[in-house]
Amino acid sequence: MVYRQNSLAMLEEALALLGQALELDKSYIFAKALTCSAHTGALAARWSTFEQARAAMPLAREVLDSGTDDPTALAFAGHYIAYVGKDLQRGMTALKQAKKLNPNSAVVLMLPGWLHNYADENEAAMRYLHRVQRISPLHPQIGIATCGLGHALMQSGDLDGAVKYYEKAMTEYPEFATTQLDLMGCYWGLGRKGESTQMAEWY
């Protein structure tokens, strides 16, 4: 509970600072994209609801309509549009453009990997996420890519393979709620109900 309260306080502080930046410069594209990313992260961590996360939808559209050549801004806004806005096609279009601008960015490659997961395109997701692990194994959020690999395997029915990635992701980025919930589900599906129950009690 204390961790969640601290995280929510940091999120609110970050959003307030980004709001101040946009008051000073309403055309600040990266501040708009970071706001989208903050809302995406809060929703993925189950700190907010979809309705709360949708507050950044106008900013995401402004980023995508701006013609920006900032690949990270395009990636953050594109992922937001796909995940929060449920518009996979527009999100993927933005991420393809981001990849053209910077094909060796871990962030730019990680996010389309997840979009392919959302579309149940498991092999495509794994190609992107394996590349992220190769080019940036020490990325501070590498656990999100590792979780994505587990997610692709889980969707394809390989629960044993998925568990290996989820357990690794738990050591890399244990606070990622998707890893926690998916691993709990895989344990249950494999008949490892004691481990699933233990995780549920902890969660």
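Student: What should I keep in mind before I start?

Tutor: Because the model is predicted, local features need pLDDT of at least 70 and side-chain atom pairs count only at pLDDT 80 or more, while totals for chains, interfaces and linings use all residues. Residues are numbered from 1 along each chain as its sequence is written, and side-chain values use heavy atoms, with hydrogens and water left out.

Student: How many aromatic pairs does the structure hold?

Tutor: Rings of Phe, Tyr and Trp (its six-membered ring) pair if their centres lie within 6.5 Å; planes under 30 degrees apart count as stacked, over 60 as edge-to-face and the rest as tilted. The structure holds 6 such pairs. One of them joins Tyr83 and Tyr118, which are stacked at 5.6 Å centre to centre with 20° between the planes.

Student: Which parts does that pair tie together?

Tutor: Helices are DSSP runs (H or I, at least four residues), numbered from the N terminus. Tyr83 lies in helix α5 (residues 71-83) and Tyr118 in helix α7 (residues 106-118), so the pair ties together parts that are 35 residues apart in sequence.

Student: Is Tyr83 buried or exposed?

Tutor: Buried means under 20% relative accessible area, exposed over 50%, and partly exposed in between (1.4 Å probe, protein chains only). With 16% relative accessibility, Tyr83 is buried, whereas Tyr118 is partly exposed at 29%. Another pair is formed by Tyr173 and Phe176: their ring centres are 6.0 Å apart and their planes at 5°, so they are stacked. Tyr173 is buried at 18%, and Phe176 is buried at 11%.

Student: Which residues do ring pairs link into a cluster?

Tutor: The cluster holds Phe50, Tyr83, Trp114, Tyr118, Tyr173 and Phe176.

Student: What lies over the face of Trp188?

Tutor: A charge sits over a ring if NZ of Lys or CZ of Arg is within 6 Å of the ring centre and within 35 degrees of the ring normal. Here Lys193 takes that place, 4.8 Å from the ring centre of Trp188.

Student: Now to the largest pocket: how many residues line it?

Tutor: On a 1 Å grid over the protein atoms alone, a pocket is an open set of points where a 1.4 Å probe fits, with protein on both sides within 12 Å along at least five of seven lines; lining residues have an atom within 4 Å of a point. The largest pocket is lined by 35 residues, and Ser37, Thr40, Gly41, Gln141 and Ile144 lie nearest its centre. Helix α2 gives the most to this lining, with 7 residues.

Student: Where is Arg46, and what is its phi?

Tutor: Arg46 is in the loop between α2 and α3 (50-53). Although not a glycine, Arg46 has a positive phi of about 65°, and this residue is partly exposed at 38%. Asp120 is also not a glycine and has a positive phi of about 60°. Asp120 sits in the loop between α7 and α8 (122-135) and is exposed at 52%.

Student: Which residues is Gln180 in contact with?

Tutor: Contact means heavy atoms within 4.5 Å. Leaving aside neighbours within four places in sequence, Gln180 is in contact with Met170, Pro174, Glu175, Met199, Trp202 and Tyr203. Gln180 belongs to helix α11 and is buried, at 7% relative accessibility.

Definitions and conventions:
Helix = DSSP H or I, 4+ residues; strand = E, 2+ residues; numbered from the N terminus.
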